[in-house]
Amino acid sequence: MAANYGTKRIVVGAHYGLRDWLAQRVTAALMALFTLLVLAQVIFTKGPVGYDRWAGIFSSQWMKVLTFVIIIAMLYHVWVGMRDIWMDYIKPVGVRLGLQVFTLVWLVGCTGWAIQVLWRL
Amino acid sequence: MSDTATAVAKKRPEFRNINAFTDLPGYCLPMAGIVSILHRISGAIMFVLMPFIIWMFDTSVSSEISFARFKGAFNVGMLGVPGFIWKLVVLALIWAYLHHAIAGLRHLWSDTHHSAVTKEFGKTSALVTLVLSIGITIILAAKLFGLY
(Lines give C-alpha, C1' and ligand atoms only; values in the text may rest on other atoms or scores of the structure.)
Protein backbone atom coordinates (compact mmCIF):
# COMPACT_ATOMS: atom_id res chain seq x y z
CA MET A 1 0.00 0.00 0.00
CA ALA A 2 1.25 3.46 -0.86
CA ALA A 3 2.03 5.88 1.98
CA ASN A 4 -1.24 6.85 3.60
CA TYR A 5 -0.07 9.46 6.07
CA GLY A 6 1.12 13.05 6.21
CA THR A 7 0.33 15.08 3.11
CA LYS A 8 -0.18 11.90 1.03
CA ARG A 9 -2.95 10.45 3.16
CA ILE A 10 -6.29 9.58 1.59
CA VAL A 11 -9.00 11.50 3.37
CA VAL A 12 -11.92 10.81 1.03
CA GLY A 13 -12.91 8.60 -1.87
CA ALA A 14 -13.69 5.01 -2.73
CA HIS A 15 -12.39 2.27 -0.42
CA TYR A 16 -12.53 4.57 2.56
CA GLY A 17 -14.42 2.46 5.08
CA LEU A 18 -15.10 -0.31 2.55
CA ARG A 19 -13.34 -2.88 4.71
CA ASP A 20 -15.62 -2.29 7.71
CA TRP A 21 -18.69 -2.13 5.49
CA LEU A 22 -17.82 -5.49 3.94
CA ALA A 23 -16.86 -6.99 7.29
CA GLN A 24 -20.24 -6.02 8.71
CA ARG A 25 -22.01 -7.87 5.86
CA VAL A 26 -19.82 -10.96 6.03
CA THR A 27 -20.18 -11.24 9.82
CA ALA A 28 -23.95 -10.71 9.45
CA ALA A 29 -24.19 -13.60 6.99
CA LEU A 30 -22.13 -15.82 9.31
CA MET A 31 -24.36 -15.03 12.28
CA ALA A 32 -27.51 -15.67 10.21
CA LEU A 33 -26.20 -19.10 9.18
CA PHE A 34 -25.18 -19.89 12.77
CA THR A 35 -28.69 -18.96 13.96
CA LEU A 36 -30.20 -21.44 11.48
CA LEU A 37 -27.74 -24.13 12.61
CA VAL A 38 -28.62 -23.74 16.32
CA LEU A 39 -32.34 -23.44 15.55
CA ALA A 40 -32.25 -26.63 13.47
CA GLN A 41 -30.59 -28.52 16.33
CA VAL A 42 -33.24 -27.30 18.79
CA ILE A 43 -36.20 -27.96 16.48
CA PHE A 44 -35.08 -31.44 15.36
CA THR A 45 -34.49 -32.63 18.91
CA LYS A 46 -36.97 -35.31 19.93
CA GLY A 47 -38.82 -34.50 23.11
CA PRO A 48 -38.47 -31.49 25.43
CA VAL A 49 -35.17 -29.60 25.40
CA GLY A 50 -33.86 -29.74 28.96
CA TYR A 51 -30.41 -28.92 30.29
CA ASP A 52 -28.64 -31.95 28.75
CA ARG A 53 -29.92 -31.42 25.23
CA TRP A 54 -29.34 -27.66 25.31
CA ALA A 55 -25.81 -27.79 26.75
CA GLY A 56 -25.10 -30.76 24.44
CA ILE A 57 -25.55 -28.52 21.41
CA PHE A 58 -22.53 -26.43 22.44
CA SER A 59 -20.38 -29.12 24.03
CA SER A 60 -18.79 -30.72 20.94
CA GLN A 61 -15.40 -29.33 19.94
CA TRP A 62 -16.44 -28.28 16.40
CA MET A 63 -19.45 -26.42 17.79
CA LYS A 64 -17.24 -24.67 20.35
CA VAL A 65 -14.85 -23.52 17.63
CA LEU A 66 -17.76 -22.37 15.45
CA THR A 67 -19.42 -20.53 18.35
CA PHE A 68 -16.07 -18.90 19.14
CA VAL A 69 -15.82 -17.63 15.57
CA ILE A 70 -19.38 -16.29 15.78
CA ILE A 71 -18.66 -14.47 19.06
CA ILE A 72 -15.66 -12.74 17.42
CA ALA A 73 -17.78 -11.97 14.34
CA MET A 74 -20.40 -10.41 16.61
CA LEU A 75 -17.74 -8.30 18.36
CA TYR A 76 -16.64 -6.79 15.05
CA HIS A 77 -20.19 -6.42 13.72
CA VAL A 78 -21.45 -4.60 16.82
CA TRP A 79 -18.37 -2.38 16.95
CA VAL A 80 -18.94 -1.19 13.35
CA GLY A 81 -22.66 -0.67 14.00
CA MET A 82 -22.31 1.22 17.28
CA ARG A 83 -19.50 3.36 15.85
CA ASP A 84 -21.85 4.27 12.98
CA ILE A 85 -24.51 5.36 15.48
CA TRP A 86 -22.06 7.49 17.49
CA MET A 87 -20.63 9.05 14.30
CA ASP A 88 -24.12 9.96 13.06
CA TYR A 89 -25.64 11.43 16.21
CA ILE A 90 -22.81 12.53 18.54
CA LYS A 91 -21.00 15.60 17.26
CA PRO A 92 -18.69 16.73 20.13
CA VAL A 93 -15.41 14.87 19.58
CA GLY A 94 -14.71 14.34 23.28
CA VAL A 95 -18.12 12.81 24.00
CA ARG A 96 -17.88 10.63 20.89
CA LEU A 97 -14.45 9.35 21.88
CA GLY A 98 -15.73 8.61 25.38
CA LEU A 99 -18.68 6.63 23.99
CA GLN A 100 -16.43 4.75 21.58
CA VAL A 101 -14.08 3.80 24.41
CA PHE A 102 -17.09 2.70 26.49
CA THR A 103 -18.36 0.63 23.53
CA LEU A 104 -15.02 -1.14 23.16
CA VAL A 105 -14.72 -1.86 26.89
CA TRP A 106 -18.33 -3.12 27.00
CA LEU A 107 -17.87 -5.34 23.92
CA VAL A 108 -14.48 -6.78 24.86
CA GLY A 109 -15.81 -7.50 28.37
CA CYS A 110 -18.89 -9.27 26.99
CA THR A 111 -16.78 -11.21 24.48
CA GLY A 112 -14.40 -12.40 27.18
CA TRP A 113 -17.28 -13.56 29.35
CA ALA A 114 -18.95 -15.43 26.47
CA ILE A 115 -15.70 -17.19 25.53
CA GLN A 116 -15.08 -18.15 29.17
CA VAL A 117 -18.56 -19.71 29.36
CA LEU A 118 -17.93 -21.57 26.12
CA TRP A 119 -14.60 -23.09 27.12
CA ARG A 120 -15.48 -24.37 30.55
CA LEU A 121 -18.42 -26.26 29.08
CA MET B 1 -27.53 30.01 -15.93
CA SER B 2 -29.19 31.69 -12.98
CA ASP B 3 -31.49 33.61 -15.35
CA THR B 4 -32.88 30.47 -16.97
CA ALA B 5 -33.19 28.84 -13.57
CA THR B 6 -35.34 31.65 -12.25
CA ALA B 7 -37.36 31.76 -15.47
CA VAL B 8 -38.12 28.01 -15.35
CA ALA B 9 -38.74 27.86 -11.61
CA LYS B 10 -42.42 27.63 -10.81
CA LYS B 11 -43.87 29.39 -7.87
CA ARG B 12 -43.44 26.96 -5.04
CA PRO B 13 -46.15 26.43 -2.46
CA GLU B 14 -45.35 28.28 0.70
CA PHE B 15 -46.23 26.90 4.08
CA ARG B 16 -46.49 29.07 7.09
CA ASN B 17 -47.96 28.44 10.51
CA ILE B 18 -47.94 24.67 10.03
CA ASN B 19 -51.04 23.13 11.53
CA ALA B 20 -50.11 20.15 13.68
CA PHE B 21 -53.35 18.31 12.87
CA THR B 22 -53.76 18.90 9.14
CA ASP B 23 -50.13 19.20 7.96
CA LEU B 24 -47.97 17.08 10.22
CA PRO B 25 -49.67 13.68 9.63
CA GLY B 26 -48.50 13.93 6.02
CA TYR B 27 -44.88 14.19 7.12
CA CYS B 28 -44.17 10.62 8.14
CA LEU B 29 -41.27 8.33 7.39
CA PRO B 30 -41.78 6.05 4.41
CA MET B 31 -42.02 2.32 5.18
CA ALA B 32 -38.34 1.74 4.31
CA GLY B 33 -37.39 4.59 6.65
CA ILE B 34 -39.31 3.01 9.52
CA VAL B 35 -37.53 -0.31 8.94
CA SER B 36 -34.21 1.52 8.78
CA ILE B 37 -34.55 3.41 12.07
CA LEU B 38 -35.90 0.26 13.78
CA HIS B 39 -32.82 -1.57 12.49
CA ARG B 40 -30.67 0.88 14.45
CA ILE B 41 -32.89 0.86 17.52
CA SER B 42 -33.03 -2.95 17.62
CA GLY B 43 -29.25 -3.14 17.26
CA ALA B 44 -28.76 -0.64 20.07
CA ILE B 45 -31.18 -2.59 22.32
CA MET B 46 -29.17 -5.78 21.80
CA PHE B 47 -25.92 -3.89 22.46
CA VAL B 48 -27.24 -2.51 25.76
CA LEU B 49 -28.71 -5.87 26.85
CA MET B 50 -25.66 -7.89 25.77
CA PRO B 51 -24.60 -8.75 29.38
CA PHE B 52 -28.11 -10.13 29.98
CA ILE B 53 -27.87 -12.23 26.79
CA ILE B 54 -24.53 -13.67 27.92
CA TRP B 55 -25.92 -14.20 31.43
CA MET B 56 -28.68 -16.31 29.82
CA PHE B 57 -26.09 -18.24 27.80
CA ASP B 58 -23.94 -18.72 30.93
CA THR B 59 -26.67 -19.93 33.28
CA SER B 60 -28.45 -22.08 30.68
CA VAL B 61 -25.39 -24.12 29.60
CA SER B 62 -23.03 -24.14 32.61
CA SER B 63 -24.69 -26.71 34.92
CA GLU B 64 -27.97 -28.32 35.98
CA ILE B 65 -28.06 -25.98 39.00
CA SER B 66 -27.48 -22.83 36.96
CA PHE B 67 -30.06 -24.08 34.44
CA ALA B 68 -32.59 -24.26 37.28
CA ARG B 69 -31.61 -20.70 38.26
CA PHE B 70 -32.11 -19.66 34.61
CA LYS B 71 -35.62 -21.12 34.58
CA GLY B 72 -36.37 -19.69 38.01
CA ALA B 73 -35.64 -16.15 36.88
CA PHE B 74 -38.55 -16.36 34.43
CA ASN B 75 -40.93 -18.42 36.56
CA VAL B 76 -40.33 -17.04 40.05
CA GLY B 77 -38.39 -13.84 39.39
CA MET B 78 -34.89 -12.55 40.10
CA LEU B 79 -33.33 -9.55 41.90
CA GLY B 80 -36.76 -8.64 43.26
CA VAL B 81 -38.18 -8.33 39.75
CA PRO B 82 -41.09 -10.69 38.91
CA GLY B 83 -40.65 -13.35 36.23
CA PHE B 84 -43.03 -11.82 33.70
CA ILE B 85 -40.95 -8.64 33.56
CA TRP B 86 -37.90 -10.78 32.67
CA LYS B 87 -40.04 -12.50 30.03
CA LEU B 88 -40.92 -9.08 28.61
CA VAL B 89 -37.20 -8.23 28.44
CA VAL B 90 -36.62 -11.48 26.55
CA LEU B 91 -39.55 -10.67 24.27
CA ALA B 92 -37.96 -7.28 23.50
CA LEU B 93 -34.76 -9.14 22.61
CA ILE B 94 -36.69 -11.62 20.44
CA TRP B 95 -38.27 -8.77 18.50
CA ALA B 96 -34.95 -6.91 18.26
CA TYR B 97 -33.17 -10.01 16.94
CA LEU B 98 -35.91 -10.87 14.44
CA HIS B 99 -36.20 -7.33 13.13
CA HIS B 100 -32.45 -6.82 12.96
CA ALA B 101 -31.88 -10.15 11.19
CA ILE B 102 -34.70 -9.80 8.64
CA ALA B 103 -33.94 -6.14 7.93
CA GLY B 104 -30.28 -7.16 7.62
CA LEU B 105 -31.09 -9.87 5.08
CA ARG B 106 -33.07 -7.24 3.17
CA HIS B 107 -29.92 -5.09 3.16
CA LEU B 108 -27.82 -7.99 1.89
CA TRP B 109 -30.35 -8.60 -0.89
CA SER B 110 -30.27 -4.91 -1.91
CA ASP B 111 -26.47 -4.97 -1.86
CA THR B 112 -26.28 -7.86 -4.32
CA HIS B 113 -29.29 -7.33 -6.65
CA HIS B 114 -29.76 -4.28 -8.84
CA SER B 115 -33.45 -5.11 -9.24
CA ALA B 116 -33.90 -4.68 -5.48
CA VAL B 117 -32.87 -1.03 -5.55
CA THR B 118 -36.17 0.47 -6.66
CA LYS B 119 -38.73 2.52 -4.81
CA GLU B 120 -41.34 -0.21 -5.20
CA PHE B 121 -39.12 -3.05 -3.99
CA GLY B 122 -37.95 -0.89 -1.12
CA LYS B 123 -41.53 -0.44 0.02
CA THR B 124 -42.74 -4.02 -0.41
CA SER B 125 -39.62 -5.55 1.16
CA ALA B 126 -39.94 -3.12 4.07
CA LEU B 127 -43.55 -4.21 4.54
CA VAL B 128 -42.52 -7.89 4.39
CA THR B 129 -39.82 -7.19 7.01
CA LEU B 130 -42.31 -5.58 9.40
CA VAL B 131 -44.99 -8.24 8.92
CA LEU B 132 -42.53 -11.13 9.41
CA SER B 133 -40.70 -9.68 12.41
CA ILE B 134 -43.85 -8.56 14.24
CA GLY B 135 -45.75 -11.72 13.26
CA ILE B 136 -43.10 -14.15 14.51
CA THR B 137 -42.66 -12.02 17.66
CA ILE B 138 -46.38 -12.38 18.43
CA ILE B 139 -46.28 -16.16 17.83
CA LEU B 140 -43.23 -16.54 20.12
CA ALA B 141 -44.80 -14.20 22.71
CA ALA B 142 -47.77 -16.57 22.95
CA LYS B 143 -45.33 -19.46 23.48
CA LEU B 144 -43.27 -17.51 26.01
CA PHE B 145 -46.32 -16.69 28.14
CA GLY B 146 -47.66 -20.24 27.88
CA LEU B 147 -50.69 -19.71 25.65
CA TYR B 148 -49.89 -22.94 23.77
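This is a predicted model: local features need pLDDT of at least 70, side-chain atom pairs count only at pLDDT 80 or more; totals for chains, interfaces and linings use all residues.
**Chain A, overall**

I started with secondary structure. Chain A has four helices and zero strands, and read along the sequence its pattern is α-α-α-α.

Next I looked up the dimensions. The C-alpha trace of chain A spans about 65 × 30 × 25 Å along its principal axes. I also checked the radius of gyration: chain A has 19 Å, whereas a compact globule of 121 residues would have one near 14 Å.

Then burial. Of the 121 residues in chain A, 12% are buried. As for contacts in chain A with a separation of 6 or more, 69% of them come from residues 24 or more positions apart.

**Where A meets B**

I looked up the contacts between the chains and found 18 residues of chain A touching 19 residues of chain B. On the chain A side, the elements that give two or more residues are α1 (18-43), α2 (51-59), α3 (61-89) and α4 (93-119). The largest share, five residues, comes from α1(A). I sorted that side of chain A by type and got 15 nonpolar residues, two polar and one charged.

**Helix α3 of chain B**

Which residues are buried in α3(B)? I noted B:Met50, B:Ile54, B:Thr59 and B:Val61. I then checked what covers them: the list includes α2 and α4 of chain A, together with α2 (31-48) and α4 (64-75) of chain B.

Note on methods
Residues are numbered from 1 along each chain as its sequence is written. Chains are lettered from A and ligands numbered from 1 in the order in which they are written. Two residues are in contact if their C-beta atoms, placed from the backbone, lie within 7 Å. Ala, Val, Leu, Ile, Met, Phe, Trp, Tyr, Cys and Pro count as nonpolar, Asp, Glu, Lys and Arg as charged, and the others, Gly among them, as polar. A residue is buried if 20 or more other C-beta atoms lie within 10 Å of its own, exposed if 12 or fewer, and partly exposed in between; C-beta atoms are placed from the backbone. The radius of gyration is taken over C-alpha atoms; the globule rule is 2.2 Å times the number of residues to the power 0.38.
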